[in-house]
Amino acid sequence: MNYSMQVKILSKNLIKPSLPTPQHLKNYKLSFFDQVADVAHLPLVLFYPLCRNNSKNEELEESLSRILTHLYPLAGRFAEDESSILCLDQGVTYIKATVNCKLDDFLQQANKDLDLALPFWPQGIMDVDETNLFISPIMIVQVTTFECGGLALAISHAHPAMDGCTTFKIIYEWAKVCKFGTPSKEINFMNFNLGTLFPYKDLTTILEPPVDEGKRTNSKLIARKFVFEEDAILRLREKFDSTTGEGLSFKPSRVEMITTLLWRSLIRSTGSTSHLKRSVMSFPLNLRGKVATFPEIANSFGNLIIEIPIKFEHDDEKKMESLHHIVKLIKESVQVIISKCVKATPDEIVSLVIDLYKDSYAGLEWGGDNEVVNFTCSSLCRFPVQKTDFGWGIPSLMHFGSRHSQVFWLYDTECETGIVVQMDLEEKYLDKLACDQDIMYFAKF
């Protein structure tokens, strides 16, 4: 692209449910998990190749209206006390735009520089923060058309209303409704029960604000994409199998191996040869399908994630070179939380979340230490969003994140044999990590 890329807004309107929300559903109660979610709008952008079926493009709005009849909280607004959503069919913000370039030209550049995808975020999202999120729409959609007919479909949601798992499910089901013309009365794929199971609480006497609040937004974050192809994953498994020392009692998954490698490389990049910084890796655990005592949450709308803190200590420096040690630390930390949740009551799960928060994010030892490197590793592998087909085929590129914290996003390659990693990191760490021997050997930039 030899010219400046410009996204031009054509129109902005509100898409409302095709049928009015019944009176008994007009006040949707938020849950404890919604209450403790990050106060942020989280965007996702899907880039689609040339759309030859113009009628499908026109059906986006109409199919969104139909699916909102089932997903009525999305068309509402947060109540003044922020404990519920008033579902008065106010509508989802829907923006139409154009861009003065071809998709192929954009993709050629964006695969090297993911920050080129930022202009395709829904207009105004970058200005949403804790001061105005609760007066903003729950969901914002922007459809940007390239000169060639390709599309960028951007969806941003308020995190206090729902998590990424909910969003991915919604986009996938919306695509099916659009592609197959599903009637409103036949759309029924989510439950709205989390506010009953995990009711909103008065947290003023339970939780203190995190002592590191604001620390993660002081430095600019940039994004870069790395690809671990199938042959690289096979070589990585050989490295795990050949590592000397204590053997493993389990076969690490692809995600566990790559997460281990990434974390070790990040720890190296944040410290010096003589002193490695302590680190907390937050591993989001989706509780859907993992709690035997109430299986009805498998398809629940909202937030249902436990952030598992996995800690690298100073006294682990010698063990840090052992892939076995790190992958065992990750596996065991996650398994401990899963085992506590399998037969737990809702109150026991809430207590567990509070204890984890107090120990790792609100405590002075970890949350209050500016030398501790915090980041999140979120696996989106096997989620259906990559097969989201509105009638134009599957996406050519996906772009995640809100750039408010350091994150590794893992998702499957198009053929599902490899794994793509989008890294949102401080530039000083990202430059060093990109030169790490392991990253250079296993990852394709």
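Guide: Happy to! Start with burial: a residue is called buried under 20% relative accessible area, exposed over 50%, and partly exposed in between. Keep in mind that this is a predicted model.

Visitor: Is K331 buried, exposed or partly exposed?

Guide: K331 has 23% relative accessibility, so K331 counts as partly exposed. The side chain of K331 meets that of E256 in a salt bridge, at 3.2 Å from N to O. K331 sits in helix α8 and E256 in helix α7, so this pair ties together parts 75 residues apart in sequence. E256, with a relative accessible area of 15%, is buried.

Visitor: How many salt bridges does a search of the whole structure find?

Guide: The search finds 17. One of them joins K444 to E229, with the closest N and O atoms 3.5 Å apart. This pair links distant parts of the chain, 215 residues apart: K444 is in the segment after α11, and E229 is in the loop between β9 and α6. K444, at 49% relative accessibility, counts as partly exposed, and E229 is also partly exposed, at 34%.

Visitor: Which residue forms a salt bridge with D412?

Guide: That is R382, with the closest N and O atoms 3.8 Å apart. D412 lies in strand β14 and R382 in the loop between β12 and β13, so the pair ties together parts 30 residues apart in sequence. D412 counts as buried at 3% relative accessibility, whereas R382 counts as exposed at 54%.

Visitor: Which residues are linked with them in a network of salt bridges?

Guide: The network links D412 and R382 with R254, K387 and E416.

Technical notes: Residues are numbered from 1 along each chain as its sequence is written. This is a predicted model: local features need pLDDT of at least 70, side-chain atom pairs count only at pLDDT 80 or more; totals for chains, interfaces and linings use all residues. Side-chain values use heavy atoms; hydrogens and water are left out. A salt bridge is a side-chain nitrogen of Lys or Arg within 4 Å of a carboxyl oxygen of Asp or Glu. Helices (H or I, at least four residues) and strands (E, at least two) are DSSP runs, numbered from the N terminus. Buried means under 20% relative accessible area, exposed over 50%, partly exposed in between (1.4 Å probe, protein chains only).
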